[in-house]
2 protein chains.
Amino acid sequence: MRRLVTNTLELFHNMIRTYVSPGDHVLDATAGNGNDTILLAESVGEDGKVYAVDLQQTAICKTEERLIKAGLTERVDLHCMNHAQIDRLGLVGLSLVMFNLGYLPGSEKKVATQGESTIQAIAASLRALRPLGLILITVYPGSDSGLSEHTELQEFWQTLDQQVYDVMEMKFPNRRNLSPYGVMIQKLR
Amino acid sequence: MRRLVTNTLELFHNMIRTYVSPGDHVLDATAGNGNDTILLAESVGEDGKVYAVDLQQTAICKTEERLIKAGLTERVDLHCMNHAQIDRLGLVGLSLVMFNLGYLPGSEKKVATQGESTIQAIAASLRALRPLGLILITVYPGSDSGLSEHTELQEFWQTLDQQVYDVMEMKFPNRRNLSPYGVMIQKLR
């Protein structure tokens with residue numbers, strides 16, 4: 001027996017390793033420093049495709065640099081854009097979409113995701129998912145902008161039809177207040 | 001890909017199949033109609049042991065009947081008692097403890113678990129767990145007594161030292177209000 005859940009990101013990385021298969025098409029809606037993009041690129045294999053989006057050119061550059069080092073650039077399409085507009089990419093049949101919300105690492109807490117655009121991006125991702133596809137979201141309520149984003153998301157989940165979407169929140173009630181938490185959405189049909 | 005989480009009990013049954021090993025000692029703190037007891041008895045194998053507790057003699061009888069039919073009685077110690085008093089059984093080294101709270105199926109909603117005794121039973125279970133052992137709890141806030149039990153439990157989780165226990169709540173925010181949810185506690189040391 002091992003420690004099962006150290007934090008949400010570790011939990012989600014284990015889910016990616018379990019549920020993303022060679023040939024899958026997936027989306028990293030918050031490329032950031034490329035951590036999730038790399039794991040996704042490894043998981044979809046040579047015949048798969050990762051779409052990775054970030055609002056900041058610095059994030060796209062960092063992610064690209066890491067993909068080049070790992071020899072994985074062929075599998076990844078990078079897009080410097082607001083993820084609220086991912087409908088424009090015309091994605092369909094995605095098996096998994098990853099959101100790691102909050103500040104861009106290294107941006108000195110100047111740039112963070114916002115509730116309204118995050119919700120637009122999640123709604124667009126739901127449309128682009130294939131049946132039984134997953135969205136994995138890490139929420140950071142422990143900052144001012146993160147707290148209001150968290151509040152808006154709490155309302156958003158309740159609008160999702162339970163006949164069409166399973167939504168599961170994974171929270172850690174004995175950790176210091178406003179600890180990060182995870183949300184998994186599975187599209188049933 | 002399959003539907004990942006239909007409900008908490010299915011999720012917990014999958015966790016039992018994954019994490020309970022032959023030879024393990026485990027506790028079913030709410031034997032009820034014996035569903036969980038049977039699965040636990042199958043999972044611990046011939047060399048393991050299941051302790052199963054229920055306040056009601058009818059529950060113990062139903063569980064025993066099912067164990068006899070399944071040929072699993074040798075692996076199970078049944079105890080008709082309040083689970084608040086499981087300290088008296090002197091259990092140690094448990095790898096997993098299961099709580100399925102709320103009404104006893106078939107009791108016509110006359111007998112339900114209560115916050116105070118449930119918390120005593122969980123506290124005793126934490127002492128009886130081996131390091132990295134798990135407690136899996138299904139909470140039913142959708143009735144009057146269930147709602148007050150849920151409220152008391154929400155306060156209880158917050159008293160658990162995060163250095164010693166990982167506590168993860170699994171809730172379904174787009175299901176009808178007060179849907180059942182799961183809590184997993186892992187004892188780290």
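1. In which strand of chain A is Leu132(A) found? Leu132(A) lies in strand S5 of chain A, residues 129–139, a strand being a DSSP run of E with at least two residues, just as a helix is a run of H or I with at least four, both numbered from the N terminus.

2. This is a predicted model, in which local features need pLDDT of at least 70 and side-chain atom pairs count only at pLDDT 80 or more, while totals for chains, interfaces and linings use all residues. Residues are numbered from 1 along each chain as its sequence is written, chains are lettered from A and ligands numbered from 1 in the order in which they are written, and side-chain values use heavy atoms, with hydrogens and water left out.

3. Most residues other than glycine have a negative phi. Leu132(A), although not a glycine, has a positive phi of about 75°, and its relative accessibility of 22% makes it partly exposed (between buried, under 20%, and exposed, over 50%, with a 1.4 Å probe and protein chains only).

4. In chain B, Leu132(B) belongs to strand S5, residues 129–139, and has a positive phi near 75°.

5. Helix H1 (residues 8–19) and helix H2 (residues 35–44) of chain A have axes that come within 10 Å and cross at roughly 20°, the axes being lines fitted to C-alpha atoms over the stretch in contact, with angles from 0 to 180 degrees between N-to-C directions. H1(A) and H2(A) are therefore roughly parallel to each other (angles under 35 degrees).

Conventions:
Parallel < 35°, antiparallel > 145°, perpendicular 65-115°, else oblique.
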